[in-house]
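Trainee: Could we go through this structure together and check what each label rests on?
Mentor: Gladly. Have a look first, then ask away.

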Amino acid sequence: MNENIQQLFNLLDSDQQTELIEVLAEHCKKEARSIRNNWFSGKYKQVPKNNQTEVLRILQRRIELFNLTPQLK
């Protein structure tokens, strides 16, 4: 599931990523900087298992709101 989250996150432009991270920070009651650094950047980016289902749901909803269509490689 984490790989799916990372792929969807990478579809967003930087402004949309920032907006999503702010939404996740508020929802998960964490610092936005912590979420960006630990969940979505670096070599070992990983959304904690106990947050993955909710993060995926929020991410999918945000993509729908941003009206993005995933591009297949």
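Trainee: Are Trp39 and Phe40 buried or exposed?
Mentor: Both Trp39 and Phe40 are buried. The term means under 20% relative accessible area, whereas exposed means over 50% and partly exposed lies in between, with a 1.4 Å probe and protein chains only. Phe40 has 7% relative accessibility, so Phe40 counts as buried.

Trainee: And before we go on, what sort of model is this?
Mentor: This is a predicted model, in which local features need pLDDT of at least 70, side-chain atom pairs count only at pLDDT 80 or more, and totals for chains, interfaces and linings use all residues. Residues are numbered from 1 along each chain as its sequence is written, and side-chain values use heavy atoms, with hydrogens and water left out.

Trainee: Why is the pair of Trp39 and Phe40 called edge-to-face?
Mentor: Rings of Phe, Tyr and Trp (its six-membered ring) pair if their centres lie within 6.5 Å; planes under 30 degrees apart are stacked, over 60 edge-to-face, and the rest tilted. For Trp39 and Phe40 the centres are 6.5 Å apart and the planes stand at 65 degrees, so the pair is edge-to-face.

Trainee: How many aromatic pairs are there by this rule?
Mentor: The count comes to two. In the pair of Phe9 and Phe40, the centres are 4.0 Å apart with 15 degrees between the planes, and that pair is stacked. Phe9 belongs to helix α1 and Phe40 to the loop between α3 (32-39) and α4, so this pair ties together parts 31 residues apart in sequence. Phe9 is buried too, at 2% relative accessible area.

Trainee: What makes α1 and α4 roughly parallel?
Mentor: Helices are DSSP runs of H or I with at least four residues, and strands are runs of E with at least two, numbered from the N terminus. The axes of α1 (residues 2-9) and α4 (residues 49-66) come within 10 Å and cross at roughly 25 degrees. Axes are lines fitted to C-alpha atoms, for helices over the stretch in contact, with angles from 0 to 180 degrees between N-to-C directions. Angles under 35 degrees count as roughly parallel, over 145 as roughly antiparallel, 65 to 115 as roughly perpendicular, and the rest as oblique. Therefore α1 and α4 are roughly parallel to each other.

Trainee: What makes α2 oblique to α4, then?
Mentor: Their axes come within 11 Å and cross at roughly 140 degrees. That makes α2 oblique to α4.

Trainee: Where is Val47, and how do you know that Val47 is buried?
Mentor: Val47 sits in the loop between α3 and α4. Its relative accessibility is 0%, so Val47 counts as buried. Contact means heavy atoms within 4.5 Å. Leaving aside residues up to four places away in sequence, Val47 touches Asn2, Ile5, Gln6, Trp39, Phe40, Gln52 and Val55. Val47 and Glu3 are 44 residues apart in sequence and 9.5 Å apart in space, C-alpha to C-alpha.

Trainee: What is there to say about the phi of Lys29?
Mentor: Most residues other than glycine have a negative phi. Lys29 is not a glycine, yet has a positive phi of about 55 degrees. Lys29 lies in the loop between α2 (14-28) and α3. With a relative accessible area of 73%, Lys29 is exposed.
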